[in-house]
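This report describes the aromatic residues of one model and their surroundings. Please keep the sequence and the coordinates at hand while reading.

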Amino acid sequence: MTLMRRVAGSRVAVAVGLAVLVSGCSDRQPSREELTAYTQVMPPQGEAVTFFVLTHCGVEYARIGDHWWRAEKPLASDGGGSAPPGWDNPYQEGRLTLDSEQRAVFEAEGDEVVFLRTAGDAEPPGCA
């Protein structure tokens with residue numbers, strides 16, 4: 001095998017490896033139905049359901065059952081203001097469990113975010 005063939009083969013292997021790595025971090029856009037499934041209707045209490053959280057400005061607020069909920073401990077990238085490391089942007093798919101009418105837990109990528117219903121259904125500030 002010539003040196004040129006080895007170099008070309010190495011480049012192909014690197015390109016394939018990068019494609020696999022990048023495809024693992026999909027920025028899949030949920031359908032309108034998926035995105036709004038539990039934004040206006042409460043999920044069944046105690047049952048984990050598929051849910052999409054907005055991550056573009058970090059994970060701080062969620063619209064669940066026609067109410068605004070705020071993360072007990074917001075998640076964001078180290079610099080703040082964007083999706084946490086390893087999470088999709090602008091939405092992350094995960095599992096949401098409504099523990100009570102005031103507390104919900106979202107799980108994705110090995111992380112857990114506890115959401116608490118906001119007092120007076122306070123709307124979150126806009127994303128800068």
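## Aromatic cluster

F51, W87 and F106 form one aromatic cluster. The model is predicted, with local features requiring pLDDT of at least 70 and side-chain atom pairs pLDDT 80 or more, while totals for chains, interfaces and linings use all residues. Residues are numbered from 1 along each chain as its sequence is written, and side-chain values rest on heavy atoms, without hydrogens and water.

The structure holds two aromatic pairs, where rings of Phe, Tyr and Trp (its six-membered ring) pair if their centres lie within 6.5 Å, and planes under 30 degrees apart count as stacked, over 60 as edge-to-face and the rest as tilted. F51 and F106 make an edge-to-face pair, with 6.3 Å centre to centre and 70 degrees between the planes. Because F51 lies in strand β1 (residues 48-54) and F106 in strand β5 (residues 103-108), the pair ties together parts that are 55 residues apart in sequence; strands are DSSP runs (E, at least two residues), numbered from the N terminus.

## Burial and contacts

F51 counts as buried at 3% relative accessibility, and F106 counts as buried at 0%, buried meaning under 20% relative accessible area with a 1.4 Å probe and protein chains only. Leaving aside neighbours within four places in sequence, F51 is in contact (heavy atoms within 4.5 Å) with residues including Y38, I64, L96 and F106.

## Strand β3

W68 is found in strand β3. The C-alpha atoms of W68 and E123 are separated by 6.2 Å, although these residues are 55 residues apart along the chain.

How values were computed: Helix = DSSP H or I, 4+ residues; strand = E, 2+ residues; numbered from the N terminus. Buried < 20%, exposed > 50% of the residue type's maximum accessible area, 1.4 Å probe, protein only.
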